[in-house]
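I will jot down what I look up as I go.

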Amino acid sequence: MPSATTMVAPGDGADPWWKDAVVYQIYPASFRDSNGDGLGDIAGITSRLDHIRDLGATAIWLSPIFASPQKDMGYDVSDYRAIHPPYGSLADAETLIQECHARGLRVLLDLVVNHTSDQHAWFRESRASRDSPKRDWYFWRDAREGPNGERRPPNNWASIFGGSAWTWDEGSQQYYLSLFLPSQPDLNWANADMRDEAYADMEFWFDRGADGFRIDSMNLMSKHPDLPDAAVTDPDAEYQSGAEWFASGPRMHEYLQEMRARVFDKYADNGRGGVMTVGELGFTKDEASVASYVAAARHELNMVFTGDIVDMDFGAAHKYGDGRPFRVETLRNITSLWQGAMPRCDGWNAVYMDNHDSGRSLSRYGSDDPRFRARAAKMLATYLTTLSGTLFLLQGQEIGMANAPASWGIEDYIDVEAGNYYKSVLAQRGEGADMSDVLAQMRLKARDNGRLPMQWTAERHGGFTDADKPWMRVNDDYPEWNVAAQEGKPDSVLAYWREALAVRKRERDVFVHGLYEMLPAERSGEDVFAYTMTSRDGAKKALVLLNFSDGERAFAGQGFEGWGKVMGAEAREPLTDKGVTLKPYEGVVYGNWLS
């Protein structure tokens with residue numbers, strides 16, 4: 001087997017490799033089951049690497065593959081240096097990395113170090129005694145006394161998954177902080193010994209050929225040292241959001257700069273152009289704060305996921321609350337904010353619409369109506385492949401995978417976040433209450449939608465597994481929507497993604513590294529998102545037109561006369577002053593270098 005450290009070329013030398021990367025996110029449990037146990041695995045991923053390479057992706061990002069009790073689908077790690085046994089072995093992971101490198105694909109791992117599993121050796125030792133050397137590796141606090149002498153948590157923070165953010169430990173008679181599930185205790189990054197061990201675990205994977213990390217819940221690693229009560233923003237709730245005290249805390253930048261200097265920079269000369277970092281930035285979406293993480297001069301992260309692109313239809317009080325309908329204006333504003341912000345701070349964008357924590361953008365922002373589905377999927381591909389930054393797509397996005405159908409009941413949803421919310425609302429309303437409104441919101445936004453098994457063929461379970469029952473139900477539409485059905489068909493969503501990624505690579509100075517400028521809604525109409533991308537040398541300019549409606553929309557061509565089609569699903573003549581009438585959910589790109 002070739003060495004994992006010698007296969008992937010470092011790049012052209014002009015730009016870091018990660019700027020031009022196309023990253024394909026894999027949810028291991030749902031990608032491909034190689035041994036018939038109903039669960040995806042590492043060998044299954046290895047068996048489908050040619051599909052990823054042929055698509056035009058240049059890297060894969062694996063959601064957690066580490067040893068875990070799987071209380072939160074691997075985001076509760078019990079051993080950072082071991083593999084979750086149903087996924088395979090450490091040798092399987094090393095083989096996957098080597099096979100990726102042999103195909104020119106880099107490998108990003110999901111680094112979950114804001115918290116561990118309560119089964120991790122660190123936490124088991126920490127909870128064993130108040131005198132444990134690792135007691136301070138987590139947040140332990142005495143109980144507060146309530147008005148009637150009852151035991152109360154140390155503060156009023158709400159868990160992100162519902163209930164209190166504190167869990168009582170009977171053995172040591174203290175609470176520990178767990179911002180997610182009680183089985184996911186938060187690490188105390190203020191402890192230098194803990195940080196040393198975390199860095200050693202990172203190096204373990206870099207030494208085995210990993211090319212970078214997506215850092216989960218990255219900016220939650222620094223909490224305010226006093227852990228004060230949160231402001232009461234929801235008077236009807238027992239616990240309140242403590243984000244002002246646990247997100248982007250006072251030592252966050254110190255930790256990242258230390259991590260960069262101690263770990264990431266150490267691998268700058270790894271023979272493959274160094275390593276890449278992208279952080280998940282929750283609760284922090286203003287330009288100045290984001291710039292402080294990604295500006296090149298800060299020497300922290302290469303890029304971040306701000307999350308606002310997947311929050312566009314969230315309810316004001318809760319993700320599954322009364323949802324806001326998607327509006328093109330919201331997408332226009334978010335895109336313009338970050339496409340403009342990164343050049344100002346010498347930072348870099350992460351371009352994405354889907355991930356394992358979201359519903360599918362096709363069903364939320366486009367249309368999965370059979371009349372429009374293929375064209376809408378291609379239109380969203382046009383949007384993603386024409387923006388400046390590193391492009392991320394989720395498995396199945398390349399074939400137009402959609403959310404679960406409206407016919408599914410609560411028993412078909414298995415994610416703990418959605419399930420907890422459903423139970424809390426049902427408890428308020430009472431058994432037998434109408435829950436159709438909650439199910440409608442889950443149908444749009446539940447994390448299950450982004451985790452549905454990959455649809456490879458029209459065979460049983462979409463060719464994902466030979467088992468009688470997969471770990472998660474496959475979407476009902478798999479007989480029509482699968483890789484095999486689209487392979488070799490020039491009008492398929494898969495063919496369009498391949499074409500769009502090839503154009504993005506060929507015209508990288510226009511799209512990957514280009515300068516964005518939004519055209520005003522008055523020019524394009526409320527349903528059409530229109531913008532231009534200009535190459536770094538100013539010689540080439542592209543016009544991108546995206547119709548987010550189920551009706552035809554006109555765009556006047558003044559100022560773009562003679563520009564020819566760069567990409568788009570429909571046949572198009574060069575623009576004239578009469579402009580173009582866009583079909584429902586059509587996307588098209590014109591360029592001044594074509595006629």
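**Entry 1**

Which residue caps the N-terminal end of α12? I looked, and it is D415: one of its side-chain oxygens lies 3.3 Å from the backbone nitrogen of E417. A reminder to myself before going on: this is a predicted model.

**Entry 1: the rest of α12**

I then followed the helix along. α12 covers residues 416-429, 14 residues in total. From first C-alpha to last it reaches 20 Å, close to the 20 Å expected at 1.5 Å a residue.

**Entry 2: aromatic pairs**

I searched the whole structure for aromatic pairs and got 33. I picked W61 and F305 to look at: this pair is stacked, with 5.7 Å centre to centre and 20° between the planes. The two partners come from distant parts of the chain, W61 from strand β2 (residues 59-62) and F305 from strand β13 (residues 303-305), 244 residues apart.

Is W61 buried or exposed? Its relative accessible area is 2%, so W61 is buried, the cut-off being under 20%. F305 is buried too, at 7%.

F305 has another partner to write down. Its ring centre is 4.8 Å from that of F392, and I get 75° between the planes; angles over 60 count as edge-to-face, so that is what this pair is. Here too the pair links distant parts of the chain, with F392 in strand β15 (residues 390-394), 87 residues from F305. F392 has 3% relative accessibility and counts as buried.

I also noted one aromatic cluster, made up of F66, Y80, W122, W137, F204 and W205.

**Entry 3: stepping back**

Now for the whole protein. I count 17 helices and 22 strands. The C-alpha atoms fill a box of roughly 75 × 60 × 50 Å along the principal axes.

How does the radius of gyration fit a compact globule? For 595 residues I would expect a value near 25 Å, and the protein has 24 Å, which agrees.

Of the 595 residues, 60% count as buried. Among contacts with a separation of 6 or more, 71% join residues 24 or more positions apart. Last item for today: the accessible surface is about 22400 Å², with 49% of it belonging to carbon and sulfur atoms.

Conventions
Residues numbered from 1 in each chain as written. Predicted model: local features only at pLDDT ≥ 70, side-chain atom pairs only at ≥ 80, totals over all residues. Heavy atoms only, no water. Helix = DSSP H or I, 4+ residues; strand = E, 2+ residues; numbered from the N terminus. Expected span 1.5 Å × (residues − 1). Polar contact = N/O pair within 3.5 Å; in protein donor to acceptor, adjacent residues only side chain to side chain. Rg over C-alpha atoms; globule rule 2.2 N^0.38 Å. Buried < 20%, exposed > 50% of the residue type's maximum accessible area, 1.4 Å probe, protein only. Contact = heavy atoms within 4.5 Å. Areas by Shrake-Rupley, 256 points an atom, 1.4 Å probe, with all protein chains shown as cover. Phe/Tyr/Trp six-rings, centres within 6.5 Å; stacked < 30°, edge-to-face > 60°.
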